[in-house]
Amino acid sequence: MSKTRYKNQKESNEAIAKAYIENDYTNSQNKLLLVSKANYGKKSSNVCYSSVDDKGMNFYEFNNNAEQNLMLIERYEWADFSSVTIDHSITKSVFTFVGHGENRDITIEVKGKEVEHVIRNHSSMEVNVVKRPVWTKVLGYRSQTTWKMFMASTVYTLILLFILHALLPAATHNFIMGLALLILFLSIIGLFIGLIKPKWALPKFKVKTRKRVLFSYLYLILSCFFIAGVFSDGESTSTPASTQVSSSQNSVTVASKKDGADSSEQKVEKNDSDKAVKEEKKQKAEEQAVKEEAKQKAEEQAAKEEAKQKAKEQAAKEEAKQKAEEQAAKEEAERKAKEQAAKEEAERKAKEQAAKEEAERKAQEQAAKEEAERNAQEQAAKEEAERKAQQQAASQQATTSSSTSNSGNYKPFENDPSDDQQSNMSCSGQIKGNKNSKIYHVPGGAYYDRTQDNIVWFCSEADAQAAGYRESQR
């Protein structure tokens, strides 16, 4: 869509952008819902427009000097984002989209509510709307910058004063001016006090700084000057007392000019003049008394507020002190608890170490005992082996003797029942017989070494069998 066509039709840039976007959506499967000016976070000298459809959002850059006025530069799909945070103001809405990749900050002018409605109805995103007071959406208060809010408040106050001047009757102007002067006086005092001690001048503000004192009381002082300027009619106003004085003086002058007036009338007029002067003095005294009373009340009120503020500060100080003591007590209790726990842990570890050492000592004693038993067993086995070796040698010697001698007439030797050793034999036999069971055992048999009582010795198995003994089965 060319630039020439739009210039000939003398259409606005917004109308040109809307027509181009509608034409761009002609062959699209997405349904165009609205078009608005937008800013998607990139700096550009050209104006940007957004088209919102049921599936996402397109961004176009408008260049009035290009052959093609509107150019598509970026598109966002609703499905690419999981949530959106919306901050509405009077003239614009800021959308912060959160997705799997990079977050996006998009500013929509005027039609932010409509875009929110589209997102709620055509996407599954979680929508979070920033809740803020209405006054923060007013021009001058949106940025929350101190000097901007000061300027905005001053301008709005001046506009309001002009409106009140037009609506309020002229009879109330003097009262308003007097009230403004009183507030001006108190504001100047409050400014000096606040610059020294901000807490005294800002009792109901959370942030109590000299900067806040300066802006707050300068605003009050300027407002009072504006009130004096707006409600001043520029005419000299006189009090009823001065009017009475002037009228009395005029009456005296007229009376003096009269020819032929008698002395009694002059005396009456003089008395009237004196009376008027006395009334004027009395009225001035009353006005002075009223002013002094008002001043005294203002001073009493200031002293009362100062005393109240000091009491609050004292209470806050005591409360802070109490909290500090409670915190210290709590920390002391926690420290003692930790120390007790550490002490118990140390005792437990000491007991475990002692138990471990006791177990190791017992294990060492057990090992030493087992080692001693093992050594005793080895010693016994060694002695048994030596004894068997001796018996074997004796048996071999007996066998040798029996082979060289006549053994047919040998009479077996019967040991003493309490003696298990072979002795007093002509031949050292190796056959051991049990006199009671009539069973003989050869060396190496299972019961050879166990048979220790009632032993009868034989030089050979033939001798044992000849004596009526039978061989052991084991």
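How far apart are the end C-alpha atoms of H5, and what should its 24 residues span at 1.5 Å a residue? The end C-alpha atoms of H5 are 35 Å apart, which agrees with the 34 Å that the 24 residues should span at 1.5 Å a residue; the expected span is 1.5 Å times one less than the number of residues. This is a predicted model, where local features need pLDDT of at least 70 and side-chain atom pairs count only at pLDDT 80 or more, while totals for chains, interfaces and linings use all residues. Residues are numbered from 1 along each chain as its sequence is written, and side-chain values use heavy atoms, with hydrogens and water left out.

**The whole protein**

- You'll find 10 helices and 13 strands here; these are DSSP runs numbered from the N terminus, with helices (H or I) of at least four residues and strands (E) of at least two.
- The protein has 474 residues, and 24% of them count as buried (buried is under 20% relative accessible area, exposed is over 50%, and partly exposed is in between, using a 1.4 Å probe and protein chains only).
- Take the contacts (heavy atoms within 4.5 Å) between residues at least 6 apart in sequence: 51% of them join residues at least 24 apart.

**H5 and its neighbours**

- Helix H5 covers residues 173–196 and packs with helix H7, residues 210–231, at an angle of about 160°, their axes 9 Å apart.
- That angle makes H5 roughly antiparallel to H7 (angles under 35 degrees count as roughly parallel, over 145 as roughly antiparallel, 65 to 115 as roughly perpendicular and the rest as oblique).
- For these angles, axes are lines fitted to C-alpha atoms, for helices over the stretch in contact, and the values run from 0 to 180 degrees between N-to-C directions.
- The crossing of H5 with H7 is left-handed, a label used if the near helix is turned anticlockwise from the far one by less than a right angle, with right-handed used if clockwise.
- Sorted by class, the H5 contact with H7 has 19 nonpolar, 4 polar and 1 charged residues (Ala, Val, Leu, Ile, Met, Phe, Trp, Tyr, Cys and Pro are nonpolar, Asp, Glu, Lys and Arg are charged, and the others, Gly among them, are polar).
- Buried residues in H5 include His173, Ile176, Leu184 and Gly194.
- The buried residues of H5 pack against helix H4 (146–167), helix H6 (198–201) and H7.

**H4 against H7**

- H4 and H7 have axes that come within 10 Å and cross at roughly 20°, which makes H4 roughly parallel to H7.
- H4 passes H7 in a right-handed crossing, and by class their contact has 14 nonpolar, 6 polar and 1 charged residues.
- Among the H4 residues that meet H7 are Trp147, Phe150 and Leu161, while the H7 side includes Phe215, Tyr219 and Phe226.

**Lys113**

- Lys113 sits in helix H3, residues 112–122, and counts as exposed because its relative accessibility is 57%.
- Leaving aside residues up to four places away in sequence, Lys113 touches His88 and Ser93.
- Lys113 and Lys92 are 21 residues apart along the chain, with 9.5 Å between their C-alpha atoms.

**Two loop residues with positive phi**

- Val110 isn't a glycine, but its phi is positive, near 70°.
- Val110 is in the loop between strand S7 (104–109) and H3, and at 69% relative accessibility it counts as exposed.
- Lys438, also a residue other than glycine, has a positive phi near 60°.
- Lys438 lies in the loop between strand S10 (431–434) and strand S11 (439–441), and is partly exposed with a relative accessible area of 39%.
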